[in-house]
Amino acid sequence: MLQIIAIAAGAAIAGVLGIAARKPDTFRIQRTAVIDAPPEKIHPLIDDFRRWTEWSPWEKLDPELERTYSGAASGRGAVYAWEGNKKAGAGRMEITGSSPERVTIQLDFTRPFTAHNITTFTLQPRGGRTEVVWAMDGPQPFMNKVMGVLINLDNLVGKDFQAGLASLKEIAERQPSAATP
């Protein structure tokens, strides 16, 4: 009986490793929302890390989260580092590119795991509305591929992206228009 269990366990492990070996070397997680506001009302919420406390789903994970801002106040060169509990982890973000239609961020996690990814926010005007695409791209080493067989990272992080986009939408849509006297 133990021999059958050992063979089954070995086959399961071999199966997971085989599936992992066929996964791509990079990953992409992406979610989209349409916001009833022009890009110029949304861009400042993304381009200034101090504004992320208003809408980012991760800002609420640790009430004692330690935040450090450095570099530029917003846009290219703005830096945000955080240190938090086991849910929030620790890391650093730096805006490496900023234009009215796109914000690019170097995202480096140091805890609970080490990862180096690129996050982009793309803002496309759509007749008074804006389509906002939040995407994260990064390398997928073999151990991450193995974990990916067991845990669907797209679903896990994607739901946070959806929550963040919903909050971003709510805030941008309730802001007064610049044309309002």
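The following questions and answers concern a predicted model of a protein chain.

User: In what order do the elements of the protein chain run from the N terminus on?

Analyst: In this predicted model, the protein chain has 4 helices and 7 strands. Read from the N terminus on, the elements follow the order α-β-α-β-β-β-β-β-β-α-α.

User: How many bridges join strand β6 to β7, and in which sense do they run?

Analyst: Strand β6 covers residues 115-126, and strand β7 covers residues 129-139. The two form a hairpin with 2 residues between them, and Gly-127 in the turn has a positive phi of about 60°. Within this pairing, Ile-118 has Asp-137 in β7 as its bridge partner. The strands run antiparallel, and the number of bridges joining them is 9.

User: Which residue in β7 is the bridge partner of Ala-33?

Analyst: Strand β1 comprises residues 26-35 and pairs with strand β7 in the antiparallel sense over 10 bridges. The partner of Ala-33 in β7 is Val-132.

User: Is Asn-117 buried or exposed?

Analyst: Asn-117 is found in strand β6. Not counting residues up to four places away in sequence, Asn-117 touches several residues, including Phe-27, Ile-105, Leu-107, Phe-109 and Met-136. Buried means under 20% relative accessible area. Because the relative accessible area of Asn-117 is 6%, this residue is buried.

User: How are the rings of Trp-55 and Phe-121 arranged?

Analyst: The structure holds 14 aromatic pairs. For Trp-55 and Phe-121, the ring centres are 5.9 Å apart and the planes stand at 90°, so the pair is edge-to-face. This pair links distant parts of the chain, with Trp-55 in the loop between α2 and β2 and Phe-121 in strand β6, 66 residues apart. Trp-55 counts as buried at 0% relative accessibility, Phe-121 counts as buried at 0% relative accessibility, and the arrangement of their rings is edge-to-face.

User: Are the rings of Tyr-69 and Tyr-80 stacked or edge-to-face?

Analyst: Planes under 30 degrees apart count as stacked. The rings of Tyr-69 and Tyr-80 have centres 5.3 Å apart and planes at 20°, so the pair is stacked. Tyr-69 lies in strand β2 and Tyr-80 in strand β3 (residues 78-83), 11 residues apart. Tyr-69 is partly exposed at 26% relative accessible area, whereas Tyr-80 counts as buried at 2%, and their pair is stacked.

User: What distance separates the C-alpha atoms of Leu-61 and Lys-87?

Analyst: Leu-61 is found in the loop between α2 (39-47) and β2 (66-71), and Leu-61 is partly exposed with a relative accessible area of 29%. Leaving aside neighbours within four places in sequence, Leu-61 is in contact with Asn-85, Lys-87 and Ala-88. Leu-61 and Lys-87 are 26 residues apart along the chain, and their C-alpha atoms are separated by 6.2 Å.

User: What is the area of the nonpolar surface patch made by Met-1, Leu-2, Ile-4 and Ile-5?

Analyst: Met-1 lies in the segment before α1 (2-21). At 74% relative accessibility, Met-1 counts as exposed. Together with Leu-2, Ile-4 and Ile-5, Met-1 makes a nonpolar surface patch of about 520 Å².

Definitions and conventions
Residues are numbered from 1 along each chain as its sequence is written. This is a predicted model: local features need pLDDT of at least 70, side-chain atom pairs count only at pLDDT 80 or more; totals for chains, interfaces and linings use all residues. Side-chain values use heavy atoms; hydrogens and water are left out. Two strands pair if DSSP finds at least two bridges between them. Patches are made of residues with over 30% relative accessible area and no salt bridge: like charges are joined within 9 Å, nonpolar side chains (Val, Leu, Ile, Met, Phe, Trp, Tyr) within 5 Å. Accessible areas come from the Shrake-Rupley method with a 1.4 Å probe; for residues, only the protein chains shown count as cover. A salt bridge is a side-chain nitrogen of Lys or Arg within 4 Å of a carboxyl oxygen of Asp or Glu. Buried means under 20% relative accessible area, exposed over 50%, partly exposed in between (1.4 Å probe, protein chains only). Contact means heavy atoms within 4.5 Å. Rings of Phe, Tyr and Trp (its six-membered ring) pair if their centres lie within 6.5 Å; planes under 30 degrees apart count as stacked, over 60 as edge-to-face and the rest as tilted.
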